[in-house]
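Open the model in a viewer and keep the sequence panel beside it. The stops below say what to select next and what is there.

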Amino acid sequence: MSNKILTVKDLRVSFNTYAGEVKAVRGVDFELSPGETLCFVGESGCGKTVTAKALLRLLQPPFAVIKEGSQILFNGEDVLQMSKKRLQEYRGDDVSMIFQDPMTSLNPTMTCGKQIMEGLILHRNMTKAQAREAAIETLRLVKIPDPEKRVDNYPHQLSGGMRQRVMIAIALACQPKLLIADEPTTALDVTIQAQIIDLLRELKEKLGIAIILVTHDLGVVANFADRIQVMYAGQVVERGTAREIFYDSKHPYTWALLSSVPKLAKESKQELYSLHGTPPDLILPLEHCPFAARCEFCMPICKEQMPPETVLSDTHRLSCWLQHPDAPKVKSFYEREV
């Protein structure tokens, strides 16, 4: 994995509102290799979706601004300097995105087939007949039964799981090198969630594409992610491989996310962990640990200075004052439960 398909450095995104500048993403860095799955995990409002949309330059100025100094490189090419024509090729052809909530993302006035055909006609210069055949094959690829019939169905004629598969088909139609999935299992029941994740895993192995998965549910990514980045208040507070995050996490916020996932081993009447408080106001400057107000291990320095990034291994890093040599040794929620 020496060649990186995507490199992001010091990504900062702000929203200009009547109340002031909302700094939604604050200095996010990451790299992605071909065929790798990277997951962004965190509460709503932590900057996951904004980061994903920034990769495709879907944030419209002057309301949303990718700040100067941010860098997004796709195969070494600067995405932020792309011309309008190159950007159109980049979106859908090189990188595709599965948007959140397929019912509102799909056009209710167009058949599912026509929505898949649009990208094929635009990026592959296909005729309508060729695009229709390709759309049927793509529907078959995402395991929609009777694709010859479903290609002429409207979104309201399909179930939630089928609509999500159509969204995946639209994203995969032009065979992109990178697929961004923004909460692809939202509003789906547990069984369909598992089917969608299994489908994404099969497609990744079959097509060799890289995947960025955005989710708030660590349970969804347990057997899917290669690496996980935990985001809070627009920052990455901990990053590591799936095994490091699930079995050797060090940040209290990651512990809280892990403890809030229902476990089969728990007794039925055992209370599920709940993280109290609310995230900080992103209009205000964050000069200390953003999680300090909600952390039960908070120390005086946590409210005074931003913690430095601690490197635990080549893949595992986090920003927390508990990693300081003088900090007290504490047990994670997971260790206490065991």
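Buried here means under 20% relative accessible area, exposed means over 50%, and partly exposed lies in between (1.4 Å probe, protein chains only). This is a predicted model, in which local features need pLDDT of at least 70 and side-chain atom pairs count only at pLDDT 80 or more, while totals for chains, interfaces and linings use all residues. Residues are numbered from 1 along each chain as its sequence is written, and side-chain values use heavy atoms, with hydrogens and water left out.

**Whole chain**

Select the protein chain. Its C-alpha atoms fill a box of roughly 70 × 50 × 45 Å along the principal axes. The radius of gyration is 21 Å, which agrees with the value near 20 Å that a compact globule of 338 residues would have; the radius is taken over C-alpha atoms, and the globule rule is 2.2 Å times the number of residues to the power 0.38. Of the 338 residues, 49% are buried. The chain exposes about 16800 Å², and carbon and sulfur atoms supply 51% of that area; areas come from the Shrake-Rupley method with a 1.4 Å probe, and for residues only the protein chains shown count as cover.

Contact means heavy atoms within 4.5 Å. Among contacts between residues at least 6 apart in sequence, 65% join residues at least 24 apart.

Now colour by secondary structure: the chain has 12 helices and 13 strands. Helices (H or I, at least four residues) and strands (E, at least two) are DSSP runs, numbered from the N terminus.

Which order do the strands of the open sheet follow? The eight strands run 7-8-9-3-10-11-13-12, with mixed pairing. Two strands pair if DSSP finds at least two bridges between them. At the edges are strand 7 (95-98) and strand 12 (309-311), each pairing on one side only. From one strand to the next, the twist averages 20°.

Select residues 37-41 and 227-232. These are strand 3 and strand 10, which pair in the parallel sense over four bridges. Phenylalanine 40 has glutamine 229 of strand 10 as its bridge partner.

Helix 7 (residues 160-172) lies across strand 7 and strand 8 (178-182), at about 170° to strand 7. Helix 11 (residues 252-259) lies across strand 3, strand 10 and strand 11 (235-241), at about 105° to strand 10. Axes are lines fitted to C-alpha atoms, for helices over the stretch in contact, and angles run from 0 to 180 degrees between N-to-C directions.

**Glutamine 229 and phenylalanine 30**

Centre on glutamine 229. With a relative accessible area of 1%, this residue is buried. Leaving aside neighbours within four places in sequence, its contacts include Phe30, Leu38, Phe40, Val236 and Arg239.

Move to phenylalanine 30, which sits in strand 2 (residues 20-32). Phenylalanine 30 counts as buried at 3% relative accessibility. Residues up to four places away aside, those it touches include Leu6, Val8, Thr51, Ile212 and Gln229. Threonine 7 is 23 residues away from phenylalanine 30 in sequence and 6.1 Å away in space, C-alpha to C-alpha.

**Strands 1, 5 and 6**

Select residues 6-17, strand 1; four bridges join this strand to strand 5, and the two run antiparallel. Valine 8 stands opposite isoleucine 72 in strand 5. Strand 5 is also joined to strand 6 (residues 77-78) by two bridges, again antiparallel. Leucine 73 has aspartate 78 of strand 6 as its bridge partner. The hairpin of strand 5 and strand 6 has two residues between the strands, and asparagine 75 takes a positive phi near 50° there.

**Aromatic pairs**

The structure holds seven aromatic pairs. Rings of Phe, Tyr and Trp (its six-membered ring) pair if their centres lie within 6.5 Å; planes under 30 degrees apart count as stacked, over 60 as edge-to-face and the rest as tilted.

Show phenylalanine 74 and tyrosine 90: the ring centres are 5.4 Å apart and the planes stand at 75°, so the pair is edge-to-face. It links strand 5 (residues 71-74) with helix 2 (residues 84-94), across 16 residues. Phenylalanine 74 and tyrosine 90 are both buried.

Next show tryptophan 255 and phenylalanine 297, with centres 5.6 Å apart and planes at 90°, so this pair is edge-to-face. Tryptophan 255 belongs to helix 11 and phenylalanine 297 to the loop between helix 11 and strand 12, 42 residues apart. Tryptophan 255 and phenylalanine 297 are both buried.

Finish with Tyr232, Tyr253 and Phe291, which form one aromatic cluster.
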